[in-house]
Amino acid sequence: MIAQKMIKYVEGSSVTRAMFEEGKKMAAQYGAENVYDFSLGNPSVEPPAAVKNAICEILEQESPCYVHGYMNNSGYETVREAIASSLNKRFGTSFGEKNILMTVGAAGGLNVVLKTLLDPEDEVIAFAPYFGEYNNYVANFDGKMVVVAPNPPEFQPNVAEFETKITPKTKAVIINNPNNPTGVVYSEETIRALAAVMEKKQKEYGTAIYLIADEPYRELAYDGVEVPYLTKYYDNTIVGYSYSKSLSLPGERIGYLVIPDEVDDFENVICAANVANRILGFVNAPSLMQLAVAKCLDEQTDVAAYDRNRTMLLNALTQYGYEVVKPEGAFYLWVKTLEEDDSAFVARAKEYNLLVVPGSSFMCPGYIRIAYCVDPEMIKRSLPAFEKLAKSYENE
Ligand code: PLP
């Protein structure tokens with residue numbers, strides 16, 4: 001018999017699984033080209049050629065026992081040094097290899113941080129809408145999720161409400177910028193305001209409130225929009241980065257944490273994070289991928305390809321009468337549903353072979369998320385379906 005605690009996780013993940021199965025069934029029934037699957041955040045742009053070249057070079061030139069062996073739980077020193085220097089060049093920071101911990105993607109990194117920081121009942125604040133897996137990651141370590149309500153129409157965090165949600169039990173705050181699911185980039189003004197509130201509350205309660213910056217979409221920003229680097233605004237910041245989207249390597253499970261010297265209780269945090277990486281069973285991040293990404297630090301995914309998809313969908317959906325939040329980053333479009341119940345709207349969309357995710361999955365009913373990291377030809381084919389879906393509400 002499975003653990004009681006697992007039952008709710010299994011129930012929770014059945015929605016995603018059902019959607020995935022439904023997509024496969026629909027493709028078999030209607031033909032794959034007539035089903036428009038916008039449900040997954042799986043990059044459609046291929047990894048840069050430099051990734052394959054780096055992997056081949058490493059396999060040809062390095063000793064197999066080095067390439068495939070264990071190393072320090074934090075990762076190869078050379079890789080961590082290279083990442084620290086690259087960040088310093090980009091953001092004017094002063095990290096060294098001791099500040100970098102290689103992780104099994106952003107998901108692995110978040111679990112390492114939360115295991116490092118949380119005692120049972122410690123509170124973690126997130127701003128709705130947010131990536132639903134945070135609920136599971138926090139529950140993994142018996143923490144308590146505290147939600148700041150959505151703030152339409154711009155979906156910048158509501159700073160005034162945030163302040164009221166901080167208590168002496170608040171251990172961490174998660175910020176995901178650019179944001180999944182809204183595509184919004186939190187502005188420098190917002191970040192400064194959030195940081196000021198956290199500084200004030202740390203002093204008031206005499207506690208350490210860690211800011212966790214979840215940044216898998218950092219490189220995906222459009223129209224020249226700047227994504228603030230959070231360690232510069234708030235000392236007690238830990239950054240979680242991932243190459244899943246920036247180099248299109250989600251299946252390879254590679255990312256890193258930045259734990260700056262300024263973080264509260266730095267020596268213990270870094271040491272505990274190292275141990276957490278090991279005892280969560282990751283042991284270390286995938287070795288070949290660590291070496292490969294270190295050779296690709298100046299590489300970029302084809303942001304322009306996502307930008308074209310963004311523009312095509314945004315223009316078309318706006319023309320059909322949908323209320324859409326203009327995304328400045330990531331590869332998601334956040335759209336108000338044409339009826340109150342987002343699950344009913346998603347079910348109606350399915351009648352037009354459109355697969356999208358209800359906002360309730362991100363703690364924000366009344367919206368849907370459209371992942372536009374897809375073949376642009378599929379977007380073109382799907383537009384009449386979006387138009388018919390909108391029309392179907394016109395006489396109601
Ligand atoms: N955080 C957010 C906001 C995400 O959207 C995702 C994946 O989609 C992750 C974390 C996990 O990413 P990774 O593949 O790096 O574990």
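Reply: Let us begin with T337, which counts as buried because its relative accessibility is 9%, where buried means under 20% relative accessible area, exposed over 50% and partly exposed in between, with a 1.4 Å probe and protein chains only. Please keep in mind that this is a predicted model, in which local features need pLDDT of at least 70 and side-chain atom pairs count only at pLDDT 80 or more, while totals for chains, interfaces and linings use all residues. Residues are numbered from 1 along each chain as its sequence is written, and side-chain values use heavy atoms, with hydrogens and water left out.

Me: Where does T337 lie, and which backbone oxygen lies 2.7 Å from a polar atom of its side chain?

Reply: T337 lies in the loop between β10 (332-336) and α13 (342-351); helices (H or I, at least four residues) and strands (E, at least two) are DSSP runs, numbered from the N terminus. The backbone oxygen in question belongs to E339.

Me: Which residues are the closest to the ligand, and how does the shell divide by residue class?

Reply: A residue is near a molecule if one of its heavy atoms lies within 4 Å of it. Here 14 residues surround the ligand, the closest being A106, D214, Y217, S242 and R253. The shell divides into six nonpolar, five polar and three charged residues, where Ala, Val, Leu, Ile, Met, Phe, Trp, Tyr, Cys and Pro count as nonpolar, Asp, Glu, Lys and Arg as charged, and the others, Gly among them, as polar. Helix α5 (105-117) and helix α9 (243-246) each supply at least two residues of that shell, and the largest share, three residues, comes from α5.

Me: Which polar atoms of the protein lie 2.7 Å, 2.9 Å and 2.8 Å from an oxygen atom of the ligand?

Reply: A polar contact is a pair of N or O atoms within 3.5 Å; within protein, one must be able to donate a hydrogen and the other to accept it, and residues adjacent in sequence count only if both atoms are side-chain atoms. A polar backbone atom of A106 is 2.7 Å from a ligand oxygen, a polar backbone atom of A107 is 2.9 Å from a ligand oxygen, and a polar side-chain atom of N180 lies 2.8 Å from a ligand oxygen.

Me: What does the side chain of K245 contact?

Reply: K245 is found in helix α9, and a polar atom of its side chain lies 2.8 Å from the backbone oxygen of G41.
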